[in-house]
Amino acid sequence: MKLADIIPLIELEPVVVIDDPDYEIETVCGCDLMSDVLAFSQEKTMLLTGLTNPHVIRTAEMTDLRFIIFVRGKRPPQETIDLAKEKGINLYLSPLSMFECCGRLYKAGLDSETMRSID
Amino acid sequence: MREQVLLQSKIAQGDFSRGGETSSNLKEALRKLGIKLTISRRVTIVTYEMEMNIIIHSLGGQITVYISSEQIRVVAEDLGPGIADVERALQPGYSTADDYVRALGFGAGMGLNNIKHYSDHFTIETEEGKGTTFTAIINF
């Protein structure tokens with residue numbers, strides 16, 4: 001699913017924009033546990049999370065994950081924004097809850113994160 | 001190529017603000033060497049988990065990453081306090097992390113399992129009151 005279609009679907013507000021709207025998102029991971037993100041995430045995964053500290057960016061960096069959505073309209077601190085810019089990671093806010101975001105994306109046909117190993 | 005040190009970095013106890021810097025530097029070094037992304041991702045995830053473990057659970061330590069033509073070897077050594085029950089520490093979901101660490105998204109008891117999962121070979125040497133050495137090998 002293209003980012004351009006996801007933006008209106010879960011009412012995204014941009015915070016850090018690196019990739020263009022044609023970027024294709026393949027899977028979504030809704031998670032507040034960083035080790036779970038490290039366990040399962042693939043490239044082309046969009047992370048939905050309620051955490052806004054800089055370790056979310058670090059975790060994304062290690063897994064080559066390029067899109068982070070902060071749910072329930074949580075604004076990340078400046079240090080998180082600065083690190084995302086430095087590492088080339090897209091940040092957006094959604095005013096919706098984690099459940100609502102996941103539900104709308106799933107209904108629209110986005111696959112859930114598959115629990116396969118990276119290699 | 002004979003094994004050589006690619007990176008060595010000291011990690012301070014409780015230094016959350018710098019947590020991940022070593023792994024980030026390693027990722028950049030692997031990129032410069034042209035290491036395949038699937039390998040580099042496994043190595044950096046393993047190193048990041050080890051780095052956070054030192055920050056969260058130990059009195060401080062260091063990470064050394066070795067590279068040869070066959071493999072990458074990540075060694076995390078800390079100054080203590082050692083792991084009382086290794087078998088339990090390896091159980092998915094088991095953690096001794098406090099609420100602050102959990103609020104950051106860590107301490108869910110999956111770190112060691114992740115290291116094991118992404119390594120081709122993983123060992124833990126620990127002695128209570130002394131320290132712990134984790135060694136993870138990822139083959140090319």
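Modeller: Residues are numbered from 1 along each chain as its sequence is written, and chains are lettered from A and ligands numbered from 1 in the order in which they are written. In this predicted model local features need pLDDT of at least 70 and side-chain atom pairs count only at pLDDT 80 or more, while totals for chains, interfaces and linings use all residues.

Colleague: In what order do the strands of the open sheet of chain B lie?

Modeller: Helices (H or I, at least four residues) and strands (E, at least two) are DSSP runs, numbered from the N terminus, and two strands pair if DSSP finds at least two bridges between them. The open sheet of chain B has 5 strands with antiparallel pairing. Their order is E1-E2-E3-E5-E4.

Colleague: Which strands of chain B stand at the edges?

Modeller: An edge strand has a single partner strand, so one side of it is left without a neighbour in the sheet. In chain B these are E1 (4-11) and E4 (121-127).

Colleague: Which residue of E5(B) is the bridge partner of Glu77(B)?

Modeller: Strand E3 (residues 71-78) and strand E5 (residues 131-139) of chain B run antiparallel and are joined by 7 bridges. The partner of Glu77(B) in E5(B) is Thr133(B).

Colleague: Are H1(B) and H2(B) roughly parallel or roughly antiparallel to each other?

Modeller: Axes are lines fitted to C-alpha atoms, for helices over the stretch in contact, and angles run from 0 to 180 degrees between N-to-C directions. The axes of H1(B) and H2(B) come within 9 Å and cross at roughly 160°. Angles under 35 degrees count as roughly parallel, over 145 as roughly antiparallel, 65 to 115 as roughly perpendicular and the rest as oblique. The two helices, H1(B) and H2(B), are therefore roughly antiparallel.

Colleague: How many residues of chain B are in contact with chain A?

Modeller: Two residues are in contact if their C-beta atoms, placed from the backbone, lie within 7 Å. Chain A contributes 19 residues, and the number from chain B is 22.

Colleague: Which element supplies the largest share of the side of chain A that touches chain B?

Modeller: Helix H2 (34-40) and helix H3 (54-63) of chain A each supply at least two residues of that side. The largest share, 6 residues, comes from H3(A).
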